[in-house]
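Welcome, and please open your viewer. We will walk through one structure together, selecting a part at a time and looking at what is there.

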Amino acid sequence: MQELTADAAIELREIDKSFGSVHAVRGASLRVERGSITGIVGENGAGKSTLMSILYGLHLADAGEILVDGRPVEMASPRDAIGHGIGMVHQHFMLVDSFTVLENLILGAEGGALLAAGLASARGELARLSGEYGLAVDPDARVADLSVGEQQRVEILKVLLRGARILILDEPSAVLTPQETDRLLQILRLLRDRGVTVVLITHKLREILAVTDKVIVMRRGEVVAERRTAETGAEELAELMVGRKVRFDLDKAPARRGETMLAAWHLSLVDGRGVRLLDDISLEVRSGEIVGIAGVSGNGQTELLQVLSGIRPPTGGEMEVCRRKVDAAHPVDPAEMRDLGVAHVPEDRLRQGLVPAFLASETSILGYQDREPFCHNYLMDGPAVGKYCADLMERFDVRPRTPGLRSANFSGGNQQKLILAREMARNPKVLLVGQPTRGVDIGAIEFIRRELIKSRDAGCAVLVVSVELEEILSLADRILVMFGGRIVGEVAAGEADERTLGLMMAGARAA
Amino acid sequence: MEETLTLVVATLAATLRVATPLVLCAMGGLFSEKSGIIDVGLEGKMLMAAFFAAATASLTGSAWAGVGAAILAAEVLALLHGFACVTHRGNQVVSGIAINILAMGLTVVLGAAWFGRGGQTPPLAAAERLNPIFFPVAGDNVLVYVALLSVPFAWWVIERTRFGLRLRAVGEVPLAVDAAGISVSGLRYRAVLICGLFAGLAGAYLSIAQNAGFSRDMTAGQGFIALAAIIFGRWRPMPAFGACLAFGLLDSIAIRLQGVKLPGVGEVPVQLIQAMPYLLTLFLLAGFIGRTVAPKAAGVPYEKEH
């Protein structure tokens, strides 16, 4: 046994963890070899993040054993993990925005009661690490002023500065442009070559195949497979993750573009503090086409959807929605938009798409609750709503098919299907969709994308905003790229590739 | 000329006298708020401290025993606040208000039971009070100097020490502090206790330094004004100190202006002058403070998943 574990930096044995009634990790065992890059893949909710949080001491396992360098250890808190040389870069950065890079770096390892000495030695260490691993950042910059890619570098530096020899990264590329992702993968390779053990949690197979030595696949809380990266491929991994065959390519007919249903000219949005969130946005969406808006999260896409759906009035420019003019002086509220034939599937389904405490049946009519047949003379017709919801659930394959269950108790994918069902059921003329498949499992992703294409083929004008480039590429007939509140480029779907789009997303203008 | 000078000096001295409890309270509140714990209960802590300071000084004859009792009383309430907000992740504003109500009621009930003077404590003799050190007229007792020193001290602790760095971090992104292996609860309890210490000193100042005994509701909203000073000061010690002085100045001018006829205006109603600090508080809170400067996690209990 001792020989077996000798070269393992980490070994997990029969780890089990439940949150209330949710059995998140079921008897998972795995080994991570020293000086390698190991990928852990799985769908959302497969338990990969939970398993790593247990390894990092953020959660306590209900059962099981953790071995570091072959010795069983207790991981009661992140302090223990740090003590054993384990560092974690979280999906949501654990950085204090108002602090400088140096202040963030020393937080928790200040090296004495007074800061001055710690800051000085961190400055020196930073210079050394920057050189050694190509992790350049300005030590005196405020974190809030850094790009997302740079913030991530600060996170990695923070971990290295604490002397970590084992680095866990949780969905590190979720917020990066393709170029920034490539840069990250280079850094990871360099780290491995200098002897650091890397564990990469992701659901993006491209990164797994590009950088890892070994892949561990998780499904429903269990470790279901382990492969040498060189001996596997995207199809096999996807199948292992989902448990059945998955088709990546959606076959869709060419768009049959009709008349313009949604158009905007020089739209702008300036907030109360004078920050320009949207700047000179002009676009049109015709019936029978899907227009995709690509961009790194936080470049104005959210605000654009808010303006187009009537949640916020524009501060400048005008738009025409189903032949109705809208501008700063003539705003339209979301209810009027709905009457005009605009349906909106918001980006943030838990805050804007549904009320988690409401029943599924209530979610299925939210926004339409004052219409026949759900409501007569100010009174809700419960049975009619329930029947309507059951109908939608059948058509959109929402599981479980229980209109009386609280919305919060459905999985992300099924919540999204329910919202999509609500918005698509009325055959809208314009369909605005934000992040259609964020936090949705692979099976549901396929279904949702097919429904969007069906809706397009039925003559709806569809606008999809997504930070997943792969999603935009597979859905859209035309692609607009947003950066810094502006549209910086337009590409026809056939001519688009990840590289050019990625450059535009990073702010480099199209030629 | 000499008369004007005397007036200016007297006004400045009055300003400092009035501002002292505000400064102490504001510095205490600053520590609490920086850690992410909103302290609406400053008022209650100060009131309770004022009562126990006067009661203890009166019973023991020692001003320093009074100061000790004041700190102890404020710390008990601070721990209560910590227990409700940190340990049990309760609503911080509700807990603060509860502490204010508790202090308001308890001081009067205990005062009536122990001394039978309608909630007041017996008047304190000079030996039972903190007396001026250098300038008898100015009222420069030891707590005035403590308040003045507390400002650079607070700045230094918050900006230059490990504790300060962690304190600022826990008020912004407690999850980051937890992930760095530092106890969020531990930091917040320490911040709340520091706040109690300062509120205790402020209370002692009111009843055994500035005045010669406790009278009911003697804090008269000064805890809230201190809170406002923290906000005007954008959660920084020096500007908060400036705001406290501005309030003190306004108050001391108000006292000077009572009964004075101003040219062209006539006699300014006393009520209006007395309302000035409170009006200024409202005015500034409503319009002049950016929303983005408060510690991001202030008021938000830290929920750790298990």
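**Before you start.** This is a predicted model, in which local features need pLDDT of at least 70 and side-chain atom pairs count only at pLDDT 80 or more, while totals for chains, interfaces and linings use all residues. Residues are numbered from 1 along each chain as its sequence is written, and chains are lettered from A and ligands numbered from 1 in the order in which they are written.

**Stop 1: select chain A.** Helices (H or I, at least four residues) and strands (E, at least two) are DSSP runs, numbered from the N terminus. The radius of gyration of chain A is 25 Å, close to the 24 Å that the globule rule gives for 511 residues, so chain A is as compact as a globular protein of that length. That radius is taken over C-alpha atoms, and the globule rule is 2.2 Å times the number of residues to the power 0.38. Along the principal axes, the C-alpha trace of chain A spans about 70 × 45 × 45 Å.

How much of chain A is buried? Buried residues make up 46% of its 511 residues. Here, buried is a residue with 20 or more other C-beta atoms within 10 Å of its own C-beta, those atoms being placed from the backbone.

**Stop 2: select the sheet of β1, β2, β4 and β5 in chain A.** This open sheet of 4 strands has the order β2-β1-β4-β5, with antiparallel pairing. Two strands pair if DSSP finds at least two bridges between them. At the edges sit β2 (22–33) and β5 (71–73) of chain A, each pairing on one side only. On average, neighbouring strands of this sheet are turned by 25° against each other, direction ignored.

Now zoom in on β1 (residues 8–19) and β4 (residues 63–68) of chain A, which run antiparallel and are joined by 5 bridges. Which residue of β4(A) stands opposite A:Arg13? Look for A:Glu65.

Helix α2 lies across β1, β2 and β4 of chain A, running at about 115° to β1(A). Such angles run from 0 to 180 degrees between N-to-C directions, with axes fitted as lines to C-alpha atoms, for helices over the stretch in contact.

**Stop 3: select helix α6 of chain A.** Helix α6 (residues 148–161) has 14 residues. Among the buried residues of α6(A) are A:Val154, A:Ile156 and A:Leu157. The buried residues of α6(A) pack against β6 (86–89), α4 (101–106), α5 (115–133), β7 (166–170) and α7 (178–193) of chain A.

**Stop 4: show both chains.** The contact takes 19 residues from chain A and 17 residues from chain B. Two residues are in contact if their C-beta atoms, placed from the backbone, lie within 7 Å. On the chain A side, the largest share, 3 residues, comes from helix α3 (residues 78–83).

**Stop 5: select chain B.** Chain B has 11 helices and 2 strands. Follow chain B from the N terminus and its elements run α-α-α-α-α-α-α-α-α-α-β-β-α. Its C-alpha atoms fill a box of roughly 65 × 50 × 35 Å, taken along the principal axes. Buried residues make up 49% of the 306 residues in chain B.

Notes
A residue is buried if 20 or more other C-beta atoms lie within 10 Å of its own, exposed if 12 or fewer, and partly exposed in between; C-beta atoms are placed from the backbone. The expected span of a helix is 1.5 Å times one less than its number of residues.
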